[in-house]
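Here is a short report for a reader new to this structure. Take a look at the model before reading on.

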Amino acid sequence: MTMETHVPARNTKVMNRFDLTSRLIAKLKNDEAVVGGIGNTNFDLWAAGHRPQNFYMLGSMGLAFPIALGVALAQPNRRVFALEGDGSLLMQLGCLSTIASLAPKNLCMVVMDNGIYQITGAQPTPAATVADIVAIAIASGLADSAWAADEEDFERLVDRSLAAPGPTLIGARIDDKPGTGQTRRDPVQIRERFMLGLGVRQAL
Ligand SMILES: Cc1ncc(C[n+]2csc(CCOP(=O)(O)OP(=O)(O)O)c2C)c(N)n1
């Protein structure tokens, strides 16, 4: 079964990244992993409440979904969420069809689509005009992809992703606000904490 009817992006409510991220984190009760993409997605993930199972990508656009794919394949009994901006995903579209081919049941991708490269000065991305991220995901083989119509619908889609076999993708149109707060930029610490959080490294 797929995520019901596909709502076109332009019929969806413009929401807020930090609010949606907080709603997602509030639902996680089983040490689910969450991978934040470069910049605002990981800033808001940090601000929503740091968890040892969070990983914060620094510096490279488009790597949240590929990293989350690796985690999902390595730990099939853990649910994995990944948060990415539209500009970053458009730079790394090939990951969608790779994920569709490998079909990890435990992976949910969330695209925070503000139609701009917010963090570098709000230049418009193709998602603002010609590119529909959810349509691209479906055409890449990710049938369980849907735009969230509003916050309630976003929560419903997250609940479904926690219960149903994935991979799933949720598109959310968001406003142009920058991230709330800033992740501490210490890549070694971020990696070590994540490995501890996933139980693949023992504390010294
Ligand atoms: C390969 C590469 N090109 C350009 C940059 C500079 N850069 C960093 S974040 C960013 C914009 C990210 O846009 P998006 O993913 O839509 O997130 P938003 O800033 O809108 O939250 C850009 C252009 C980079 N870090 N890496």
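Which residues are buried in helix α8 (residues 187–197)?

## Helix α8

Ile190, Phe194 and Gly197 are buried in α8. Buried means under 20% relative accessible area, with a 1.4 Å probe and protein chains only. Helices are DSSP runs of H or I, at least four residues, and strands are runs of E, at least two, numbered from the N terminus. The three cover an arc of only 60° around the axis, so they sit on the same side of α8. That arc is taken from the directions from the helix axis to the C-beta atoms.

The buried residues of α8 pack against β1 (33–36), β2 (54–56) and α3 (64–74). Contact means heavy atoms within 4.5 Å. Just after α8, Gly199 has a positive phi of about 75°.

## Basis of the model

This is a predicted model: local features need pLDDT of at least 70, side-chain atom pairs count only at pLDDT 80 or more, and totals for chains, interfaces and linings use all residues. Residues are numbered from 1 along each chain as its sequence is written, and side-chain values use heavy atoms, leaving out hydrogens and water.

## Asn42

Asn42 is found in helix α2 (residues 40–47). Its relative accessibility is 1%, so Asn42 counts as buried. The side chain of Asn42 reaches the backbone oxygen of Gly37 at 2.8 Å. This is a polar contact: a pair of N or O atoms within 3.5 Å, where, within protein, one must be able to donate a hydrogen and the other to accept it, and residues adjacent in sequence count only if both atoms are side-chain atoms.

Methods. Buried < 20%, exposed > 50% of the residue type's maximum accessible area, 1.4 Å probe, protein only.
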